[in-house]
Amino acid sequence: MPHRPTTPVVLEAEYIEGFRQIYEEKIVFNKTLGLKLVKVTPEGVEARIDMRPELVGHFAYNRIHGGVISAVLDAIGSAAVMAALAAKHMDETPAKRLERFAKLGTIDLRVDYLRPGIGEHFTITANALRVGSRVGSSRMEFCGPDGTLMSTGAAAYIVS
């Protein structure tokens with residue numbers, strides 16, 4: 001069977017704005033963490049958090065708390081799955097695709113802490129590995145200001 005190139009799916013501005021509101025405002029814990037989305041595409045999601053005193057896990061080193069790292073990896077991993085899921089349902093209205101967030105839940109989350117989380121800000125990226133009718137999975141990275149990989153994550157999410 002010949003390989004057919006696929007046209008990249010572009011998510012509408014209306015969908016992206018609703019997506020941003022959910023992740024940055026409506027999920028209050030993400031707002032508390034200061035999570036800001038930088039890029040949202042079906043191929044991947046990128047976010048940023050700035051270091052603040054409230055996020056310190058080790059006072060002597062001004063190191064970010066491991067719970068903050070796992071929480072933002074989980075949030076961005078789920079965002080990658082939801083963006084990929086939205087691309088599979090472009091026949092639906094943006095509002096209808098945003099309603100799918102109500103069914104989202106974390107099934108499994110694995111985090112590997114590779115280096116101490118020290119820096120003024122951090123970048124979190126994720127991409128969906130697979131999105132089926134019931135479960136989606138993603139891989140995530142947590143990087144320091146210079147791009148140094150500090151933690152990785154992998155997760156599975158219920159999507160229906």
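This is a predicted model: local features need pLDDT of at least 70, side-chain atom pairs count only at pLDDT 80 or more; totals for chains, interfaces and linings use all residues.

Visitor: How much space lies in the largest pocket?

Guide: On a 1 Å grid over the protein atoms alone, a pocket is an open set of points where a 1.4 Å probe fits, with protein on both sides within 12 Å along at least five of seven lines. Grid points are joined across faces, edges and corners, and a volume is the space filled by probe spheres set on the points. For the largest pocket that space is about 190 Å³.

Visitor: Which residues lie closest to the centre of the largest pocket?

Guide: Lining residues have an atom within 4 Å of a point. The largest pocket has 13 of them, and the closest to its centre are Tyr23, Ile27, Ala75, Ser78 and Leu104.

Visitor: Which element gives the most residues to the lining of the largest pocket?

Guide: Elements here are DSSP runs numbered from the N terminus: helices (H or I, at least four residues) and strands (E, at least two). Those that give two or more residues to this lining are α2 (28-33), α3 (66-88) and β5 (105-113). With four residues, the one that gives the most is α3.

Visitor: How many charged residues are in the lining of the second largest pocket?

Guide: The second largest pocket has a volume of about 150 Å³, and its lining includes Glu92, Lys96, Glu99 and Arg100. Asp, Glu, Lys and Arg count as charged; Ala, Val, Leu, Ile, Met, Phe, Trp, Tyr, Cys and Pro as nonpolar; and the others, Gly among them, as polar. By these classes the lining has two nonpolar residues, four polar ones and, as charged residues, five.

Visitor: How is the pair of Phe19 and Tyr23 classed?

Guide: Rings of Phe, Tyr and Trp (its six-membered ring) pair if their centres lie within 6.5 Å; planes under 30 degrees apart count as stacked, over 60 as edge-to-face and the rest as tilted. The whole structure holds five aromatic pairs. In this one the ring centres are 5.1 Å apart and the planes are at 25 degrees, so the pair is stacked.

Visitor: Is Phe19 buried or exposed?

Guide: Phe19 and Tyr23 are four residues apart in helix α1, about one turn of the helix. Buried means under 20% relative accessible area, exposed over 50%, and partly exposed in between (1.4 Å probe, protein chains only). Tyr23 has 1% relative accessibility and counts as buried. Phe19 has a relative accessible area of 0%, so Phe19 is buried.

Visitor: Which strands hold Phe122 and Phe142?

Guide: These two residues form a stacked aromatic pair, 4.9 Å centre to centre with 25 degrees between the planes. The pair links distant parts of the chain, 20 residues apart: Phe122 is in strand β6 (residues 121-131), and Phe142 is in strand β7 (residues 135-143).

Visitor: Which backbone nitrogen does the side chain of Glu24 reach?

Guide: Glu24 is found in helix α1 (residues 13-26). Its relative accessible area is 10%, so Glu24 is buried. At 2.6 Å, the side chain of Glu24 reaches the backbone nitrogen of Leu37.

Visitor: What is the phi of Asn62?

Guide: Asn62 lies in the loop between β3 (56-58) and β4 (63-64). Most residues other than glycine have a negative phi. Asn62 is not a glycine, yet its phi is positive, about 55 degrees.

Visitor: Which residues is Asp108 in contact with, leaving aside its neighbours within four places in sequence?

Guide: Asp108 is in strand β5, and at 47% relative accessibility Asp108 counts as partly exposed. Contact means heavy atoms within 4.5 Å. With those neighbours left aside, Asp108 is in contact with Ala154, Ala155 and Ala156.

Conventions
Residues are numbered from 1 along each chain as its sequence is written. Side-chain values use heavy atoms; hydrogens and water are left out. A polar contact is a pair of N or O atoms within 3.5 Å; within protein, one must be able to donate a hydrogen and the other to accept it, and residues adjacent in sequence count only if both atoms are side-chain atoms.
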